[in-house]
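Here is a short briefing on the model shown below. Read it with the structure open.

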Amino acid sequence: MIDFDALAACLSTSACLVNQATSGLIIGMLLFLVASGVTLIFGVLHVINFAHGSFYMIGAYFAYTTYVLTGNYFLAALVGAVGAGICGILFERLIISRVYGQNLLMQLLVCYAFILIVDDLVKIIWGAEYLAMGIPAEFRLPPLRFAGGFVPPFYLFLVGIAVFIGVGSVLLVTKTRFGKIVRAAALNAPMVSALGIRVNVYFALLFGFGCALAGVAGALAAPVRSLTPGMGLGILVESFIVTVIGGMGSIPGAFLAAIILGLTRSIGSVGFPLFVDGAMFMIMALVLIFRPTGLLGQGAVR
Amino acid sequence: MTGGTNGSTAGDVILKVEGIDVFYGASKILFGVDLEVGRGRTLALLGRNGAGKSTTMKAIAGIARPRKGSITMEGQNLAGERPDIIARAGIGYVPEDRQVFTMHSVEDNLLIGMKKGIRGQEDWTLERVYDTFPILARMKDRRAGLMSGGEQQMLTIARTLMGNPDVLLLDEPSEGLAPIIVQAIGDLIRTLRETGVTIVLAEQNMHFCLGISEDAAVIDKGHIVYRDTIAGLRANEEVTKRYLAI
């Protein structure tokens, strides 16, 4: 099952190592952005957004159309993020806020219905066939050579943006008045409300921010992955694994876990291509056995 | 209704509670509670444990919803509104169980409470709070969950003041605190009174309210049973013996 020869051959040449590490990092960063939204929403609102992958898809399609119309990728990424964020706020206000505090099955059903509806809407608007954006014009530059491997400039941009947004998210939650209020409301919403704060607005904004993170991930994925209705489901499952490994509520945990999973995916595709998914679930199982709160989890956003 | 002259109706009324009924599930807690609070005055709401003091305070703050009756602040009906709307109408609520945000620093607790008053006034700022509560200035970076009960009580009052309320609801601020801390809280409330803020003070202990409040209302089993000045209440042994644990 495991192709040790191929694995050893790759690990012993720096070119292959650089290529696999880069593509692992790309997968990891996309997973991180989606998972940090899941973990933020869970940590504060105590609701698991099973529909999070849909906002990744919305971000990707919005970015695709904007890029086709304007040819400006930066604008496209912005539209993907903001569009997913707005859809997220609407989803929170109109649907998910009605099942806060209800049992998990109800939340799951509501989210699953939403996933199916959005998938069909995407089919109606963009069609069921695969779409490809391709590397945007801004990044059609020769790849950078690094230790014998090739690193496309867009990959560097993707990693840079993801790290920037990750750091920004942590600062938003820990240092700003918005973050302080939202964290206090997570633990004691009635008291925060009694201080004159519209708690619902803060919850909706946080939910929207989490969805915008998925939207950014979708927009960043659009040039390197193909777009298809249902593309949200795969990333959803993987981002849940990331969230569980990293620890529910922990953004740094999501970052660490996303890199671990990304590298497992890219190296695994060389060494054990048939067991990549299995390996990811195995890592999750091991973490759950030996560290049930996840690598950096404390149970809530701190 | 027993009682002599009703002190709280003297002057203009800023907060008026009329005939509110409150239920917790199927059990009725408040039965047609009426209160009038004069502008700039302090009303002591006295009663034994479980008499309905806290529920009355929660109903005014919007935490418990009255099923009947009205609560008007400066003529605006607030009964049944959300707590944040009531807070922005100028009513600041300090709960009995303190409810500091334990994971946040003292200063972050204060910043979360920060808002302008209903007339846009920003009388209470961080500087003024630290000036009035030197202990909070010393502890501003401390995690609120690590403070003592008395310190947390100071913090909750200060946090509510940061919202520049016109009416301050203090729910049993002396409960469970050492006598010396109780005295400090009493001194603080006297200081606050001088700023002109209207106070509703729910208490079991009438002696704590002497020298702090002008007016008194006694609640028992969810009914207001007596209304007078605090001096009048103190002189009325029949009422104090019957309704207060003294």
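The model is predicted. The points below cover loops, sheet pairing, helix packing and the chain contact.

- B:Glu74 is not a glycine, yet its phi is positive, about 50 degrees.
- B:Glu74 has 16 C-beta neighbours inside 10 Å, so it counts as partly exposed.
- B:Gln99, also a residue other than glycine, has a positive phi near 55 degrees.
- B:Gln99 sits in the loop between strand S6 (91-94) and H3 of chain B.
- B:Gln99 has 18 other C-beta atoms within 10 Å and is therefore partly exposed.

**The open sheet of chain B**
- Four strands form an open sheet in the order S2-S1-S4-S5 (chain B), and the pairing is antiparallel.
- Strand S2 (27-38) and strand S5 (76-77) of chain B are the edge strands; each has a single partner strand, so one side of each has no neighbour in the sheet.
- Strand S1 (residues 13-24) of chain B pairs with S2(B) in the antiparallel sense, over eight bridges.
- Within that pairing, B:Val22 has B:Leu30 of S2(B) as its bridge partner.

**Helix H1 over the sheet**
- Helix H1 (residues 53-61) of chain B lies across S1, S2 and strand S4 (68-73) of chain B.
- H1(B) runs at about 70 degrees to S2(B).
- H1(B) is mostly covered, with nine of its nine residues buried.
- Among the buried residues of H1(B) are B:Lys53, B:Lys58, B:Met57 and B:Ile60.
- B:Gly62 follows H1(B) and has a positive phi, near 90 degrees.

- Strand S8 (residues 198-203) of chain B is mostly covered: six of its six residues are buried.
- In a regular strand, side chains alternate between the two faces of the sheet.
- On one side of S8(B), B:Thr198, B:Val200 and B:Ala202 are buried. On the other, B:Ile199, B:Leu201 and B:Glu203 are buried.
- Strand S3 (residues 42-46) of chain B pairs with S8(B) in the parallel sense over five bridges, and B:Leu43 stands opposite B:Val200.
- Strand S7 (residues 167-171) of chain B also pairs with S8(B) in the parallel sense over five bridges. Here B:Asp171 has B:Ala202 as its bridge partner.
- S7(B), helix H7 (residues 179-194) of chain B and S8(B) make a right-handed β-α-β unit.

**Packing of H3 and H6**
- The axes of helix H3 (residues 106-113) and helix H6 (residues 149-161), both of chain B, come within 7 Å and cross at roughly 35 degrees.
- The crossing of H3(B) and H6(B) is right-handed.
- H3(B) contributes B:Val106, B:Asn109, B:Leu110 and B:Gly113 to the contact. H6(B) contributes B:Leu155, B:Ala158, B:Arg159 and B:Thr160.
- By class, the contact of H3(B) with H6(B) has four nonpolar, three polar and one charged residues.

**Contact between chains A and B**
- The contact takes 17 residues from chain A and 20 residues from chain B.
- Helix H7 (residues 177-194) of chain A gives the largest share of the chain A side, 11 residues.
- By class, the side of chain A that touches chain B has 10 nonpolar, three polar and four charged residues.

Notes: Residues are numbered from 1 along each chain as its sequence is written. Chains are lettered from A and ligands numbered from 1 in the order in which they are written. This is a predicted model: local features need pLDDT of at least 70, side-chain atom pairs count only at pLDDT 80 or more; totals for chains, interfaces and linings use all residues. Axes are lines fitted to C-alpha atoms, for helices over the stretch in contact, and angles run from 0 to 180 degrees between N-to-C directions. Helices (H or I, at least four residues) and strands (E, at least two) are DSSP runs, numbered from the N terminus. A crossing is left-handed if the near helix is turned anticlockwise from the far one by less than a right angle, and right-handed if clockwise. Two residues are in contact if their C-beta atoms, placed from the backbone, lie within 7 Å. Ala, Val, Leu, Ile, Met, Phe, Trp, Tyr, Cys and Pro count as nonpolar, Asp, Glu, Lys and Arg as charged, and the others, Gly among them, as polar. Two strands pair if DSSP finds at least two bridges between them. A residue is buried if 20 or more other C-beta atoms lie within 10 Å of its own, exposed if 12 or fewer, and partly exposed in between; C-beta atoms are placed from the backbone. A crossover is right-handed if, with the strands pointing away from the viewer, the path from the first strand over the helix to the second runs clockwise.
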